[in-house]
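Here is a short report on one protein model. Keep the sequence and the 3D view open as you read.

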Amino acid sequence: MIFETHAHYDDEAFDEDRDILLSSMRENEIEYVVNVGASLKSTAASIELARNYPFIYAAAGVHPSETGELDEAGFAWLKEQSLLEKVVAVGEIGLDYYWDEPAHEIQKFWFERQLDLAREIKKPVIIHSRDAAKDTFDIIAAKNAGEIGGVVHCYSYSAEMAVEYVKMGFYIGIGGVVTFKNGKKMKEVVEALPMERILLETDSPYLAPEPNRGKRNSSLNLVYIAQKIAEIKGIAYEEVVEITSRNAKCVYQI
Ligand code: NI
């Protein structure tokens, strides 16, 4: 069965039919879901989902674009949450230079603090990085974050850099972009990576793969991503599902 390593089912896009959709996961071959926090509020919501659904686990973290809300009190609360049993990772954390705010220095500060937190509590990290390839890589290398381990989620940089992350000990999250007609770069990334380092993810409700591009995304679309990876790797679909699921259980210790 499929392991969804990155979704946001607390998003308001699911307010209408959240329970119906989540209750249909098992019959659609989705075994586990990690619901990823992106702010203090969505971390709380992710933990609530993990409480209500046995197959959902949570990640606790503040997305770089939301780091403006963080202070020591908020960080202390985050640490408390990150220690809960069904919280399997610190994330999503990282750098996002697509928007001007928060200032890069603020993003870097809280990225490093959350990396330190993960090391302290011995849980893996979920890295978000957009338009910040060099700074992200430099911080991860300087912090020896490969020892902490985790996943570079929704990976969007070069195949060469993906291989460097794998050498450090990271997994690479592959999502809907690999199915896009202009997704050549992602195909090169998949070609360059060993299957043992690839995780399946949707980032739902965002980034739906073909043939559902532009619509609301859900874990039910993971089949299209797995099929695409099977095609690129020249292996069976079932093999992609089995290996990526094993990888996910390994990184999240489930
Ligand atoms: Ni995300």
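Helices (H or I, at least four residues) and strands (E, at least two) are DSSP runs, numbered from the N terminus. This is a predicted model, where local features need pLDDT of at least 70 and side-chain atom pairs count only at pLDDT 80 or more, while totals for chains, interfaces and linings use all residues. Residues are numbered from 1 along each chain as its sequence is written, and side-chain values use heavy atoms, with hydrogens and water left out.

## The sheet

Start with the strands. An open sheet of 8 strands runs in the order β1-β2-β3-β4-β5-β6-β7-β8, with parallel pairing. Two strands pair if DSSP finds at least two bridges between them. β1 and β8 (198–200) stand at the edges with a single partner strand each, so one side of each has no neighbour in the sheet. From one strand to the next, the twist averages 30°. Such angles run from 0 to 180 degrees between N-to-C directions, and the axes are lines fitted to C-alpha atoms, for helices over the stretch in contact.

Look at one pair of strands. β1 and strand β2 (residues 30–36) are parallel and share 4 bridges. Glu4 stands opposite Val33 in β2.

Helices lie against this sheet. Helix α8 (residues 222–233) packs on it and touches β1, β2, β7 and β8. Contact means heavy atoms within 4.5 Å. The direction of α8 makes about 150° with that of β8. Helix α6 (residues 159–168) lies across β6 (150–152) and β7 (170–174), at about 140° to β7.

## The nickel site

Which residues coordinate the nickel ion? They are His6 (NE2), His8 (NE2), Glu92 (OE) and Asp203 (OD), at 2.2 Å. Donors are N, O and S atoms within 2.8 Å of the metal (3.2 Å for Na, K and Ca); water is not among the atoms, so sites may look incomplete. Along the chain, the donors of the nickel ion follow the spacing H-x1-H-x83-E-x110-D. His8 lies in the loop between β1 (2–7) and α1 (18–23), and Glu92 lies in strand β4 (residues 87–96), so the pair ties together parts that are 84 residues apart in sequence.

The 4 donor atoms subtend angles of 85 to 171° around the nickel ion, which makes the arrangement irregular. Four donors count as tetrahedral if all angles lie between 85 and 135 degrees; four count as square planar and six as octahedral if opposite donors are over 155 degrees apart and all others between 65 and 115; anything else is irregular.

Are His8 and Glu92 buried or exposed? His8 is buried, with a relative accessible area of 7%. Glu92 is buried too, at 3%. Buried means under 20% relative accessible area, exposed over 50%, and partly exposed in between (1.4 Å probe, protein chains only).

## Aromatic pairs

Rings come next. A search of the whole structure finds 12 aromatic pairs. Rings of Phe, Tyr and Trp (its six-membered ring) pair if their centres lie within 6.5 Å; planes under 30 degrees apart count as stacked, over 60 as edge-to-face and the rest as tilted. The table gives two of the pairs.

| Pair | Centres apart | Angle of planes | Type |
|---|---|---|---|
| Tyr98 and Trp99 | 4.8 Å | 85° | edge-to-face |
| Tyr155 and Tyr165 | 6.5 Å | 80° | edge-to-face |

Tyr155 lies in the loop between β6 and α6, and Tyr165 lies in helix α6, so this pair ties together parts that are 10 residues apart in sequence. Tyr155 is buried at 3% relative accessibility, and Tyr165 is buried at 1%. Tyr98 is partly exposed, at 45%. Phe137, Tyr155, Tyr157, Tyr165 and Phe170 form one aromatic cluster.

## Phe75

Phe75 lies in helix α3 (residues 72–82). Phe75 is buried, at 10% relative accessibility. Leaving aside its neighbours within four places in sequence, Phe75 is in contact with Leu70, Trp110, Arg113, Gln114 and Leu117.

## Backbone details

Now follow the backbone. A cis peptide bond joins Gly91 and Glu92, with omega about 5°. The peptide bond from Glu101 to Pro102 is also cis, with omega near -15°. Pro102 lies in the loop between β4 and α4 (104–121).

Cys154 is not a glycine, yet its phi is positive, near 50°. Cys154 lies in the loop between β6 and α6. Gln253 has a positive phi of about 55° and is not a glycine either. Gln253 sits in the segment after α9 (237–252) and is exposed, at 68% relative accessibility.
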